[in-house]
Amino acid sequence: MKIGIDKIGFYAPHMYVDMVKLAEARGDDPLKYTKGIGQDEMAVTPITQDTVTMAANAAHQLIDDKDREQIDYVIFGTETGIDHSKSAAIYVSRLLGLKKQVRAVETKQACYGTTAAIQLAKGYIALNPESKVLILASDIARYGLATPGEVTQGSGAVAILLSQDPRIMTLEKETTFQTEDSMDFWRPIYSDVAFVDGKYSNDRYIDFFADLWGEYKEKTKRDFADFAALCFHLPYTRMGEKALKPHLENVAESVANQLTERYKTSTTYNRLVGNIYTGSLYLSLLSLIENDDNLAAGDRIGMFSYGSGSVGEFFTGILEEGYQDHLNTANHKALLANRKEVTIKEYEAEFLKELPTDGSTVEYSGDNDPADIYLAGITEHMRQYKNK
Ligand code: COA
């Protein structure tokens, strides 16, 4: 049975900062941000968006009534959820009008959470072929103003519908995965910004790719020539390149050039949105398949997932006949093109806004947020969501 991605969409907030201006404000050389890190713009999250609303906005234009009938499992991958107990998947299920006969849960393992969700869903569909699983990846990456990690912030969500006989990409059986306890990035329960040993996290990422790619090659006897493209988890767009480049040194020039060129394409949306943590790999896949006109049905795409802490996985998919007809490329490009640039001062003010934690009531208007689904306020510690 073929199991894989039947539909895929994303959402990013309507505001962004220009990375050249951020570099200037921080007294850094802009080339460090745009070339060294590889980011041009960074999403700024308004107070009216959180991980729930972003996921709901990514999913609600994706699914139709037939999907509503068949979705019986919603898995929400996040490392910046809104509640230690209740799963964000429940709020989204309601906002999307899903039926009651749904399992709704959250998965967490840093930026690997959504890959865990996909692997769980794959097994579930193998046992329940008529079911569809809605997978949500939504995060707000926060390191703090004027920190080394600031340039690798961002926010956004990806929604994926996994089913049998998928129309976009079939996931193949062979994968390699591993877990190793590392303190490269973590966020204690009491902190709203991540703690990170940046250089060590880069090294862990690079080592995990080397291990998992090596094991995959060994296990399957496949090599780079068997791949049309490789997509990476992208905390910033230079990261995947740093992991891939050393492995391309002794590879046929045509193969290395194609993978390098397509790697660039796979960073298209990520360069404009920034880090969306657990959705970053899937935003990279979308960047590739919506912006490369030369890919074709039958092409194999490799996917490298890395979640600090650390868990990693290398897995693959095969593009389906006519996959281009099932993408929402025009909508995604319009979403990005219609965003509004904000000044560094406005971004900082937005970054410092907080929801009350004392049980008091606050209400937000949706007038300044073009998204359909938004956070309309909070009362007695309960977030109030509205769908325009
Ligand atoms: N022009 C061009 N490139 C420049 C430059 C300039 N003027 N100044 C610096 N650079 C390059 C550096 O050479 C480096 O590239 P390299 O790694 O290929 O050598 C890159 O820009 C980053 O510079 P660096 O000095 O290493 O940045 P930093 O110390 O500020 O930290 C991170 C960068 C990514 C470690 C930091 O942003 C961070 O901690 N981010 C969060 C963690 C993360 O994203 N981890 C990823 C794995 S999950």
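Visitor: How many residues of domain 1 are in contact with domain 2, and how many of domain 2 with domain 1?
Guide: In this predicted model, the domain assignment gives domain 1 as 3-168 + 327-387 and domain 2 as 170-321. Contact is taken as heavy atoms within 4.5 Å. On that basis the contact involves 59 residues of domain 1 and 50 residues of domain 2.

Visitor: What area is buried between domain 1 and domain 2, and which three residues supply 14% of the area that domain 1 buries?
Guide: The centres of the two domains, taken over C-alpha atoms, are separated by 20 Å. The area buried between domain 1 and domain 2 is about 4,200 Å², and carbon and sulfur atoms give 58% of this area.

Visitor: How many salt bridges does the rule find across the interface of domain 1 and domain 2?
Guide: Side chains of opposite charge can pair when their charged atoms come close. The side chains of D192 and R142 meet in a salt bridge, with 3.5 Å from N to O. Over the whole structure the search finds 23 salt bridges. Across the interface of domain 1 and domain 2, the number found is two.

Visitor: Which element gives the largest share of the side of domain 1 that touches domain 2?
Guide: Across this interface, 30 residue pairs are in polar contact, both residues being at pLDDT 80 or more. The elements that give two or more residues to the side of domain 1 include β1 (3-11), α6 (113-127), β6 (132-141) and β7 (154-164). The largest share, seven residues, comes from β7.

Visitor: How do the residues of the side of domain 1 that touches domain 2 divide into nonpolar, polar and charged, and what is the number of each?
Guide: Besides strands, the elements that give two or more residues to this side include the helices α2 (30-37) and α12 (329-337). By residue class, the division of this side is 24 nonpolar, 25 polar and 10 charged.

Visitor: Where in the chain do the salt-bridge partners R222 and E174 lie, and how many residues apart are they?
Guide: The side chains of R222 and E174 meet in a salt bridge at 3.5 Å, N to O. R222 is in the loop between α7 (198-220) and β12 (229-232), whereas E174 is in the loop between β8 (169-171) and β9 (176-179). The pair thus links distant parts of the chain, at a separation of 48 residues.

Visitor: Why is one side of β16 and of β18 left without a neighbour in the sheet?
Guide: The open sheet of three strands has the order β16-β17-β18, with antiparallel pairing. Six bridges join β17 (residues 373-379) to β18, and within this pair I373 stands opposite N387. One side of β16 (362-363) and of β18 (382-387) has no neighbour because both stand at the edges, each with a single partner strand.

Visitor: Which residue in β15 is the bridge partner of M15?
Guide: An open sheet with mixed pairing has the order β3-β2-β15. In it, β3 and β15 (340-341) stand at the edges, so one side of each is left without a neighbour in the sheet. Two bridges join β2 (residues 15-18) to β15, and these strands run parallel. The bridge partner of M15 is K340.

Visitor: What distance separates the C-alpha atoms of V102 and Y364?
Guide: V102 lies in the loop between α5 (88-95) and β5 (103-107). Not counting residues up to four places away in sequence, V102 touches I71, D72, Y73, V74 and S93. V102 and Y364 are 262 residues apart along the chain, and their C-alpha atoms are separated by 30 Å.

Visitor: Is the peptide bond from G309 to S310 cis or trans, and what is its omega?
Guide: S310 has its place in the loop between β13 (300-307) and β14 (311-319). The peptide bond from G309 to S310 is cis, with omega near 5°.

Visitor: What is the phi of D165?
Guide: D165 is found in the loop between β7 and β8. Its phi is positive in a residue other than glycine, with a value near 45°.

Key
Residues are numbered from 1 along each chain as its sequence is written. This is a predicted model: local features need pLDDT of at least 70, side-chain atom pairs count only at pLDDT 80 or more; totals for chains, interfaces and linings use all residues. Side-chain values use heavy atoms; hydrogens and water are left out. Domain bounds come from an automatic or database domain assignment. Buried area is the accessible area (1.4 Å probe) that two parts lose on being put together, summed over both. A salt bridge is a side-chain nitrogen of Lys or Arg within 4 Å of a carboxyl oxygen of Asp or Glu. A polar contact is a pair of N or O atoms within 3.5 Å; within protein, one must be able to donate a hydrogen and the other to accept it, and residues adjacent in sequence count only if both atoms are side-chain atoms. Helices (H or I, at least four residues) and strands (E, at least two) are DSSP runs, numbered from the N terminus. Ala, Val, Leu, Ile, Met, Phe, Trp, Tyr, Cys and Pro count as nonpolar, Asp, Glu, Lys and Arg as charged, and the others, Gly among them, as polar. Two strands pair if DSSP finds at least two bridges between them.
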